[in-house]
Amino acid sequence: MRQVICRFLAGGTLAALLLASALHAQEFKIGTKSVQVHGFGTQGFVHTNDNNWLTMNTSSIGSGAFTDAGLNLSSQITPKFRVAAQGYDRKLGQLGDWHPALDWAIVDFRPKPWLGIRGGKVKTVMGLYNDSQDLDSVHTFALLPQSVYPTDMRDATLAHTGGDIYGTVKARELGKFSYTGYVGDQFQSINGGYPFLLTIHGIYINKSAGLTYGGDVRWQTPVKGLLAGVSYGSNQVRNTGQLNPSVALGGPDFMVPYWEQSRSQFTKTIYGTYSHGNLRIDSEYRYFWRDFTVFDGQFLALIGTYACYPSAAYRVNKWFEFGGYYSHFDENWIITVPGVVEASCACDPSRHIYDKVVTARFDLKTHWYAKVEGHLMDGNAAGANPQYPNGFYPQANLNGLQDNTNALVVRTGFSF
């Protein structure tokens with residue numbers, strides 16, 4: 001095991017060093033307008049004692065199938081008008097699988113500090129970090145708290161196609177209030193966690209989209225370094241594809257058209273952060289509710305998840321930072337499909353994941369960093385009848401899931 005990690009670090013270190021030293025932010029002109037070019041790349045390694053995690057084969061010698069990269073361009077057309085876009089690709093075990101995509105692309109017009117409008121494929125503002133999931137270089141942790149920011153659901157939560165209205169209002173001695181309201185289409189890649197999970201039920205999604213709307217309000221309080229906020233998002237999702245009845249319902253072995261649709265789906269988030277000197281403390285609570293009709297409207301699926309975390313990070317000097325968090329995830333569900341039996345309570349390992357995490361971050365050069373992170377997880381929130389992605393998938397654990405998992409995550413990256 002030690003040799004595997006050393007080889008990974010040596011290879012990743014060399015690659016990151018060469019890239020970080022060779023690449024710098026670029027700029028070129030189209031007519032009289034300057035275009036800025038930036039990018040990033042990360043490489044990770046994950047080893048677990050039990051249970052394969054995040055669809056990777058992590059429980060033997062570990063897996064390095066944890067790679068992503070992005071390239072973005074932006075131009076400030078006028079002081080109040082900006083355009084920008086980012087392409088992205090990744091390999092996360094059996095997810096992503098090197099299918100390049102347009103991560104986000106915006107046209108942004110802000111005539112006043114209190115009023116801005118942006119449209120296109122826009123990053124969704126929700127909680128502290130939903131719209132910065134694509135910026136690993138700015139985060140202390142190798143993996144953000146998975147109860148609130150599941151890596152396997154990144155492609156479904158990062159952005160929406162539509163429009164935002166946003167701004168910041170000063171309230172004198174009360175501090176500042178920033179707001180965002182959005183509406184659009186919530187398109188989900190078929191290479192993400194939820195479509196992959198459904199394959200265990202014989203369901204193969206080829207399109208997932210639907211109306212989404214919501215908003216975020218955050219308060220920069222008069223107390224220096226203290227911010228608090230709330231977010232709300234609603235989705236009216238319809239998934240279409242193919243169903244094999246022999247897998248899902250014990251019927252004949254052939255493919256038939258399939259659809260499922262939300263009757264009600266929403267997310268509520270409360271969050272806060274406090275910074276003082278080199279110390280940063282974050283906390284979030286998120287409630288997700290999903291009321292779906294499944295198997296062409298024949299049955300119902302009601303799912304509620306409760307997620308929260310406190311985290312802390314401390315910057316010791318310019319090259320070293322450490323931190324930790326406790327990620328708490330509970331899931332309750334009722335499925336009316338015959339033969340599906342729900343667990344009795346959230347105390348069942350198949351209903352929760354409680355994750356204790358410690359991290360060390362090393363800033364090796366200006367644009368090159370490495371992170372080493374340990375996870376102690378109680379529960380798998382999957383069991384025999386997983387209903388929503390949570391990192392543990394029966395397809396990647398054919399011998400069954402254990403109740404507890406310890407994980408080592410090593411991740412290095414560069415940005416320019």
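Tutor: Let's start with Arg 411 and Asp 68, whose side chains meet in a salt bridge at 3.8 Å, N to O. The term salt bridge here takes a side-chain nitrogen of Lys or Arg within 4 Å of a carboxyl oxygen of Asp or Glu. Before going on, some ground rules: this is a predicted model, where local features need pLDDT of at least 70 and side-chain atom pairs count only at pLDDT 80 or more, while totals for chains, interfaces and linings use all residues. Residues are numbered from 1 along each chain as its sequence is written, and side-chain values use heavy atoms, with hydrogens and water left out.

Back to the pair. Arg 411 belongs to strand E17 and Asp 68 to strand E3, so the bridge ties together parts that are 343 residues apart in sequence. Strands (E, at least two residues) and helices (H or I, at least four) are DSSP runs, numbered from the N terminus. Arg 411 and Asp 68 are both buried; that label means under 20% relative accessible area, with exposed being over 50% and partly exposed in between (1.4 Å probe, protein chains only). The two also belong to a network of salt bridges that links Asp 68, Asp 136, Lys 371 and Arg 411.

Now look at Thr 412, which is found in strand E17, residues 404-415. Thr 412 counts as buried because its relative accessibility is 10%. Its side chain makes a polar contact with the side chain of Trp 368 at 3.0 Å, and it reaches the backbone oxygen of Tyr 369 at 2.8 Å. A polar contact is a pair of N or O atoms within 3.5 Å; within protein, one must be able to donate a hydrogen and the other to accept it, and residues adjacent in sequence count only if both atoms are side-chain atoms. Thr 412 and Tyr 369 are 43 residues apart in sequence, yet 5.7 Å apart in space, C-alpha to C-alpha.

Back to charges: the whole structure has 15 salt bridges. Among them, Arg 218 pairs with Asp 216, the closest N and O atoms being 2.9 Å apart, and both Arg 218 and Asp 216 are buried. Another joins Asp 97 to Lys 91, with 3.0 Å between the closest N and O atoms. Asp 97 counts as partly exposed because its relative accessibility is 38%.

Lys 123 sits in strand E6, residues 115-123, and is buried, with a relative accessible area of 18%. The side chain of Lys 123 reaches the backbone oxygen of Asp 131 at 3.0 Å. Leaving aside residues up to four places away in sequence, Lys 123 touches Trp 104, Asp 131, Asp 134, Leu 158, Ala 159, His 160 and Asp 164, where contact means heavy atoms within 4.5 Å.

Rings next. A search of the whole structure gives 18 aromatic pairs. Rings of Phe, Tyr and Trp (its six-membered ring) pair if their centres lie within 6.5 Å; planes under 30 degrees apart count as stacked, over 60 as edge-to-face and the rest as tilted. Trp 53 and Phe 392 have ring centres 6.4 Å apart and planes at 25 degrees, so that pair is stacked. It links distant parts of the chain, 339 residues apart: Trp 53 is in the loop between strands E2 (33-48) and E3 (63-78), and Phe 392 is in the loop between strand E16 (368-378) and E17. Trp 53 counts as buried at 2% relative accessibility, and Phe 392 does at 1%. The rings of Tyr 287 and Tyr 306, by contrast, have centres 5.0 Å apart and planes at 40 degrees, so their pair is tilted. Tyr 287 is in strand E12 (residues 279-294) and Tyr 306 in strand E13 (residues 299-317), 19 residues apart. Ring pairs also link Tyr 314, Trp 319, Phe 320, Phe 322 and Phe 362 into a cluster.

Zooming out, the protein chain has 4 helices and 17 strands. Its radius of gyration (taken over C-alpha atoms) is 22 Å, close to the 22 Å from the globule rule for 416 residues, so the chain is as compact as a globular protein of that length; that rule is 2.2 Å times the number of residues to the power 0.38. Of the 416 residues, 50% count as buried.
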